[in-house]
Amino acid sequence: SLFNSIFNSVWVAVVSTVIVIPMAFLYAFALTRSCMKFKGLFYAAALLPVFAPSLLSAISLIYLFGNQGILKQLLLGAPIYGPLGIIIAQVYYCFPSALIILVTALTLSDARLYEVADALGTTKSRVFRTVTLPGTKYGLINACFVVFTLVVTDFGIAKVVGGQFNVLATDAYKQVVGQQNFSMGAVVGMILLVPAVLAFFIDRMVQRRQFSLLSARAVPYEPKPSRGRDIALMVYVI
């Protein structure tokens with residue numbers, strides 16, 4: 001049972017991370033690399049879930065897609081209770097945390113690299129592959145581990161919409177509160193500690209390498225207006 005919970009927790013965390021990181025990266029790219037209007041408003045709106053507990057996103061899903069939900073038909077008969085509900089709620093809950101990290105990573109880019117690429121006539125797609133992504137890779141790694149750790153260790157969402165889908169966080173609660181099995185609860189707690197400790201050490205290594213890339217002569221990147229790009233990114237952000 002414990003190994004099943006470990007597999008379920010890791011599987012849900014990986015799927016949530018794969019969904020959140022591209023969404024947050026494109027949102028952060030729109031905020032930092034475009035000239036669209038109302039950037040501050042969109043950034044503030046994206047950070048709203050930070051001020052609410054994870055329970056809120058799970059309860060909201062029940063009102064929307066539960067057995068009596070007003071948008072239940074959109075799931076085409078799939079139940080919201082289980083891995084689907086956990087993943088949807090975790091994406092909503094973890095998105096702001098990844099966004100903050102990726103906005104910072106994109107903001108720290110050196111404009112001189114883009115000026116050189118532009119002077120050499122490099123295409124936009126190649127600039128993205130060879131300048132933007134390498135410059136933000138440590139931020140992407142950091143965001144991945146933050147989201148993964150948040151999903152693995154979160155209890156509220158799994159408790160509300162998890163149904164019969166067992167994960168480590170709910171197993172610890174069941175062992176201690178339901179069965180008074182404190183020794184097994186301690187084992188589950190130690191397992192939950194592993195991703196947090198790994199994320200901490202990886203974050204320290206990433207920070208050291210990130211600082212080594214920065215220099216006092218770095219020039220902040222200022223995006224140039226592009227009507228098509230700005231409109232497309234604004235539509236995505238909305």
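User: Where do I start with the fold, and what pattern does the chain follow along the sequence?

Analyst: Start with the order of the secondary structure elements. Here the chain reads α-α-α-α-α-α-α-α-α-α, with 10 helices and zero strands. Keep in mind that this is a predicted model.

User: What box do the C-alpha atoms fill?

Analyst: Taken along the principal axes, the box is roughly 65 × 45 × 25 Å.

User: Then contacts. Among those between residues at least 6 apart in sequence, what percentage join residues at least 24 apart?

Analyst: The idea is to ask how far along the sequence the partners sit. In this chain, 81% of the contacts between residues at least 6 apart join residues at least 24 apart.

User: Is arginine 33 buried or exposed, and why?

Analyst: For burial, look at relative accessible area; under 20% is buried. Arg33 has 4%, so it counts as buried.

User: What about the surface: how much of it belongs to carbon and sulfur atoms?

Analyst: The accessible surface comes to about 13700 Å², and carbon and sulfur atoms account for 69% of that. After the total, look for patches. Met190, Leu193, Val197, Phe200 and Phe201 make a nonpolar one of about 510 Å².

User: Where is leucine 193 placed?

Analyst: In helix 9, which spans residues 182-213. Leu193 has 45% relative accessibility, so it counts as partly exposed.

User: Alanine 199 is in helix 9 too. Is alanine 199 buried or exposed?

Analyst: Buried, because its relative accessibility is 13%, and the cut-off for buried is under 20%.

User: Which residues is alanine 199 in contact with, leaving aside neighbours within four places in sequence?

Analyst: Phe145 and Thr149.

User: How far is alanine 199 from phenylalanine 95 in sequence and in space?

Analyst: Read both separations together. Ala199 and Phe95 are 104 residues apart in sequence and 17 Å apart in space, C-alpha to C-alpha.

Methods: Residues numbered from 1 in each chain as written. Predicted model: local features only at pLDDT ≥ 70, side-chain atom pairs only at ≥ 80, totals over all residues. Heavy atoms only, no water. Helix = DSSP H or I, 4+ residues; strand = E, 2+ residues; numbered from the N terminus. Contact = heavy atoms within 4.5 Å. Areas by Shrake-Rupley, 256 points an atom, 1.4 Å probe, with all protein chains shown as cover. Patch = residues over 30% accessible without salt bridge, like charges linked within 9 Å, V, L, I, M, F, W, Y side chains within 5 Å. Salt bridge = Lys/Arg side-chain N within 4 Å of Asp/Glu carboxyl O. Buried < 20%, exposed > 50% of the residue type's maximum accessible area, 1.4 Å probe, protein only.
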